[in-house]
Amino acid sequence: MTSVRRAAVIGGNRIPFARSNGAYAEASNLDMLTAALDGLAARFGLAGVEVGEVAGGAVLKHSRDRDLTREAVLGSSLAPTTPAYDVAQACGTGLETVVLVANKIALGQIESGIAAGVDSASDAPVALNDDLRRVLMKLNGAKNLQQRIAALAGLRPGQIVPELPRNAEPRTGLSMGEHAAITALEWGITREEQDELAVASHRNLAAAYDRGFFDDLVTPFLGLSRDSTLRADTSVEKLAKLKPVFGTRGKNAAAATMTAGNSTPLTDGAATVLLGSDEWAAERRLPVLAHVVDAQTAAVDFVHGEDGLLTAPVFAMPKLLARNGLTFADIDFFEIHEAFASTVLATLKAWEDPAFAEERLGLDAPLGPIDRSKLNVTGSSLATGHPFAATGGRITATLAKLLHEKGPGSKGVISICAAGGQGVVALLEGA
Amino acid sequence: MALGLLYAKAAATALGPRSSTLPDTVVRRIAAIDRAHLAAYARLCGFRFGDAVPVPYLHVLGFPQQIELMATRAFPFALPGLVHVRNTGTAHRPVDAAERLSIAVHAERLRSHPKGAQVDLVTEIDVAGERVYDGRSTYLARGASAPLAEADPPGPQPFEDGPPTATWHLDAGLGRRYARISGDVNPIHLSPLAAKAFGFPRTIAHGMYTAARALASLDGRLSGALTWDVKFGKPLLLPSVVQLRTAPTGDGWAIDVRSEQAVHLTATVSEARSG
């Protein structure tokens, strides 16, 4: 085995993200992932090329898509001898695939790899009613007529109602938005600051599109050339008119602040990132935008403990910085996934809070405030939308390009919260 | 006119006097692709749904015009009973689903055949004056006659035995599902009774479904600019279990679809050859 090296981020390709039941209503995860992979292959001359591996995944996944990523590779222009596997870590999936591929490159196990993610809220799996499923499995296992009749006796009219996918935590029964509303209340996040963050996201994304920033990161798909959630002309005044949709029940209902304007909508889309060793990139005459320096995951006990569902990155970030001898002052770009505006703001508040730093993070001093002009400078999920597993790839390619523009040695961090009380953060350095 | 009505008209005019020569009509239409329809086609045939239009779908787009041309008394053969024996096509470049297509269909090359007479229905698709697709569907009218004897090139042959690439389990309802999407509502694909009336023991699969599904198995291995040549063999009765075989050739692939009883389809596909 060779010594550890840093994996290079060579580039990325994604399709524009579309609001669910919109432009991609008829497209499956496999369609979108294949399109994103083919676009990446076209961009970087990978048609017929055997890449070290492709790691991908989807949060909402049909049972027929067991090996979704491998199926996408087989239908793509990549060499069919390219191995692939699926990863699942809720909304952390996309960034986790980047970490996995980068680590294999770092260890010399592969020379190149693609990290990918896709999700469709429009073509989501609808499962058989679980009682009906059990009856059918019994029927399938029945060895004689008597057993078959016994199995069929378990049929009930109510079983015709299928299991629809719900954006809810299995252990708490609360939707992600309801969980985020609890955290927003806890940290005293105001409606105004959430709306301001949302407006900044839309304006930054629109400006980035206008200056051609995404020209080599996004390939049009099914008639879309920009993310359909993007509202370049939105304003704090417009967003202020929206009614709260989360945290609207119970004794704190009057204090509800989260609206459709400061929460990400359900979205369809796919994103890919091309990684490789510096040598592989040089051999193929490909640019190196940035290097993956390090990554950290964390998880919180949001079920019985005191932490909010989407707060795990709060704990991951200080570990990542400490291990690399960095403080917020060293960071040029902060990419904090905007699941909800309130999630970003609560995360920032936690990092600024001296008591929280001491009691919960075990730090002498808080990480401190971040310069808002360095936060999500080309927009984030509130404006792009958030096809769960595709977000990590979108952010990684975006940050790598920002760092490349900034110059060698520039540094950026990515922070992504995920269902199940998990979080993934990563550190990239410009090349 | 809806295709079902055209078939009804064709059935009504199946008997009686017909022209002995081909009409010189060109049936034209301008078409925008309905993405939901394309998605349904892609799902059924196994293509990925995206912006690139699968080449067999270009045939589907011209099919209503073929029927329109063949359903009149000016066409020398009655539509019911015509057998699709061969289909060739060249997509000169990938066609994007957003493009506006000018589709023109005409009939040519009426010729005799040992089993009757054959005619070609030619589909030409242009985008803003640029030819993007040339397709040719050859139909056999059994027992009919035509003055000219003109030999067709032999067409793709079954290749030497090799292991199957895939096994397909084709169910009894496949003909109805493909009919709904393609508009090819020829009764032999729809109901066993109708199939019996035309001498088939059960419904038969659409040749263009089998061909499209075979081509879809090569998604990712071919560019959108390709030439294919499909020869239909014995009718594929539904339900059936059949095997797809593929073998690389110098510049593309050889394909066949066969069951234990017969060879149902042989095809070649390669990067686009113009002319």
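1. The model is a predicted one, in which local features need pLDDT of at least 70 and side-chain atom pairs count only at pLDDT 80 or more, while totals for chains, interfaces and linings use all residues. Residues are numbered from 1 along each chain as its sequence is written, chains are lettered from A and ligands numbered from 1 in the order in which they are written, and side-chain values use heavy atoms, with hydrogens and water left out.

2. The contact (heavy atoms within 4.5 Å) takes 15 residues from chain A and 11 residues from chain B. About 1000 Å² is buried between the two chains, and carbon and sulfur atoms give 50% of that area; buried area here is the accessible area, taken with a 1.4 Å probe, that two parts lose on being put together, summed over both. On the side of chain B, the residues that lose the most area to chain A are B:Arg48, B:Phe49 and B:Arg221, which together make up 50% of what that side buries.

3. Across the interface of chain B and chain A there are 2 salt bridges, a salt bridge being a side-chain nitrogen of Lys or Arg within 4 Å of a carboxyl oxygen of Asp or Glu. A:Glu26 forms a salt bridge with B:Arg43, with the closest N and O atoms 3.2 Å apart. The side of chain B that touches chain A divides into 3 nonpolar, 2 polar and 6 charged residues, where Asp, Glu, Lys and Arg count as charged, Ala, Val, Leu, Ile, Met, Phe, Trp, Tyr, Cys and Pro as nonpolar, and the others, Gly among them, as polar.

4. Chain B holds an open sheet of 10 strands in the order 1-3-4-5-2-7-10-9-8-6, with antiparallel pairing. Strands (E, at least two residues) and helices (H or I, at least four) are DSSP runs numbered from the N terminus, and two strands pair if DSSP finds at least two bridges between them. Strand 1 (26-32) and strand 6 (166-170) of chain B stand at the edges with a single partner strand each, so one side of each is left without a neighbour in the sheet. From one strand to the next the twist averages 15°.

5. Some backbone details deserve a look, since most residues other than glycine have a negative phi, and most peptide bonds are trans. A cis peptide bond, with omega about -5°, joins B:Leu238 and B:Pro239, and B:Pro239 lies in the loop between strand 7 and strand 8 of chain B. B:Arg109, which is not a glycine, has a positive phi of about 55° and is placed in strand 3 of chain B.

Methods. Axes fitted to C-alpha atoms, helices over the stretch in contact; angles between N-to-C directions.
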